[in-house]
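Please open the model in a viewer and keep the selection tool at hand.

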Amino acid sequence: MSRFDGFVAKYMGDGVLVYFGYPEAHEDDPERAVRAGLELVVAVGNLKAQAALQTRVGIATGLVVIGDLIGSGASQEQAVVGKTPNLAARLQSVAEPDMVVIAESTQRLIGNLFELEDLGTKDLKGIDEPVRAWAALRPSSVESRFEAFHASGLTDLVGRQEELDALLRRWSKVLNGEGQVVLLSGEAGIGKSRLTAALVERLATEPHTRLRYFCSPRHTDSALYPIISQMERAAGFAHGDTARTKLDKLDAVLAQSFTPPQDRALFAELLSIPNDGRYPTLEMSPRQRRQRTLEALTTQTVALAEQTPLLMIFEDVHWIDPTSLEAVGRGMRPDLVLADYNLPNGMNGVQVSQRLRQELDGQTPFIILTGDISTETLRDIALHDCVYLNKPVKLTELTGAIEKLLAKPPDPQLVRALRAADVDSGDAQRKTGI
Ligand SMILES: Nc1ncnc2c1ncn2[C@@H]1O[C@H](COP(=O)(O)OP(=O)(O)OP(=O)(O)O)[C@@H](O)[C@H]1O
Ligand SMILES: [Mg+2]
């Protein structure tokens with residue numbers, strides 16, 4: 001209960017009364033109540049007791065007064081006055097064992113976040129009118145929260161043409177092979193998700209692959225949560241699927257990115273599906289496993305992007321877990337870094353190379369430009385496996401060094417950018433982003 005910020009108000013015989021939204025209200029209190037109810041049923045079922053235990057849960061939403069005219073201290077905040085608690089208690093009494101029954105008032109507020117079973121109308125003791133009730137079965141596999149609450153369709157987009165155009169301009173760069181990252185930020189409810197939905201709608205008829213990731217405040221500590229749930233949705237796992245069916249579905253998705261069996265084994269493990277022998281067994285330390293999983297994710301993304309333009313959307317990225325962040329960051333691994341030795345803000349070019357290589361767990365090639373030919377500087381550069389170029393540097397010299405390091409001629413676009421930039425002034429980094 002405390003995980004969902006439920007307030008345990010009162011134990012009554014073998015029952016318990018819990019408030020959601022008191023003492024602190026959250027925008028998603030009805031959802032929290034339903035999730036807590038569903039988890040409670042499972043948790044009680046798993047308790048090791050002499051006899052199997054079962055639970056019934058009733059949930060209703062509405063205005064109440066908390067506190068009592070008589071009594072003081074703890075008993076004050078435990079007393080609740082209003083129709084809602086009575087309705088919840090009555091719903092609980094009509095629930096089957098291990099069932100979470102919710103009132104219409106709650107059902108209206110939870111969108112399509114849960115799979116519900118309509119229980120029809122019920123005559124309840126002490127309530128004049130028959131009331132409609134639903135059983136909450138499980139969280140639904142709905143792709144986005146935004147859509148879960150806008151299932152009946154979106155109202156027309158008002159304004160935002162400029163923002164949408166800016167996004168579409170970025171997309172046309174993507175079509176030219178220039179990867180783009182756009183951060184949409186703004187206060188809650190300003191319309192970030194709506195704008196993203198508008199972009200998705202505009203691109204609907206264009207050939208592209210779209211991957212959507214939803215970060216959740218309840219999973220900021222669970223490694224790779226948005227990535228795992230994206231894969232589960234993409235594969236189309238259904239409630240009650242056997243491990244074998246899940247692996248078949250996973251295989252069908254991974255076939256699109258030509259994922260090799262070793263990587264499939266890692267993904268199956270990531271999704272907690274037991275390997276039925278179709279993939280090789282993995283003999284790795286947990287550290288290696290993590291590393292290889294991140295690599296497999298990058299490989300998969302690259303394979304998809306090589307086939308069609310790829311649009312990856314991260315919603316509510318402020319809730320991303322650190323491992324997912326690392327996985328996403330890996331996708332932005334530079335082929336080569338060109339840096340000045342003297343940099344503003346403290347670190348010199350060699351120190352940057354050390355930090356970046358450490359972060360990327362690899363040997364990113366570095367070219368360091370400097371006009372300072374003191375032995376100390378030159379030794380520092382050479383000792384850290386960076387290529388040194390003396391300023392002023394000629395374009396042919398620079399492209400020659402890049403060609404040697406990458407074992408291929410530099411991209412013509414890069415050469416144009418270098419020509420346009422004044423490499424010697426250190427401006428090349430700013431203008432070309434390399
Ligand atoms: N330009 C717009 N035209 C029409 N409706 C809009 C527009 N912008 C936002 N809305 C509506 O306002 C509501 C809030 O927008 P939205 O959910 O996109 O905000 P958000 O910035 O994503 O919020 P949060 O930070 O809470 O995720 C939604 O119902 C959305 O449909
Ligand atoms: Mg949003």
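The stops below cover the domains, a pair of helices, and several residues with particular backbone geometry.

**Domains**

Before any selection, note that this is a predicted model. Colour the chain by its domain assignment, which gives domain 1 as residues 2-140, domain 2 as 142-206, domain 3 as 210-330 and domain 4 as 337-432. Then select domain 1 and domain 4 together: their centres, taken over C-alpha atoms, are separated by 63 Å.

**A pair of helices**

Next, select helix α10 (residues 261-270) and helix α11 (residues 286-307). Two packed helices are described by the angle between their axes and the distance between the axes. Here the axes come within 10 Å and cross at roughly 110°. That angle falls in the range of 65 to 115 degrees, which makes α10 roughly perpendicular to α11. The crossing of α10 past α11 is left-handed.

Now display the side chains where these helices meet. On α10, select Asp263, Leu266, Phe267 and Leu270; on α11, their counterparts are Arg292, Thr293, Ala296 and Thr299. Of the residues in this contact, four are nonpolar, two are polar and two are charged.

Most residues other than glycine have a negative phi, and most peptide bonds are trans.

Select tyrosine 22 and proline 23, which are joined by a cis peptide bond with omega of about 0°. Proline 23 is found in the loop between β2 (15-20) and α1 (29-45).

**Two residues with positive phi**

Select aspartate 5, in the segment before β1 (6-12). Although aspartate 5 is not a glycine, its phi is positive, at about 60°.

Finally, select leucine 224, in the loop between β9 (209-214) and α8 (225-235). Leucine 224 also has a positive phi of about 60° without being a glycine. Its surroundings can be described by the count of C-beta neighbours: there are 23 inside 10 Å, so leucine 224 counts as buried.

Conventions:
Residues numbered from 1 in each chain as written. Chains lettered and ligands numbered in written order. Predicted model: local features only at pLDDT ≥ 70, side-chain atom pairs only at ≥ 80, totals over all residues. Axes fitted to C-alpha atoms, helices over the stretch in contact; angles between N-to-C directions. Helix = DSSP H or I, 4+ residues; strand = E, 2+ residues; numbered from the N terminus. Parallel < 35°, antiparallel > 145°, perpendicular 65-115°, else oblique. Left-handed = near helix turned anticlockwise from the far one by under 90°. Contact = placed C-beta atoms within 7 Å. Nonpolar A, V, L, I, M, F, W, Y, C, P; charged D, E, K, R; others polar. Domains from an automatic or database assignment. Buried ≥ 20, exposed ≤ 12 C-beta atoms within 10 Å, placed from the backbone.
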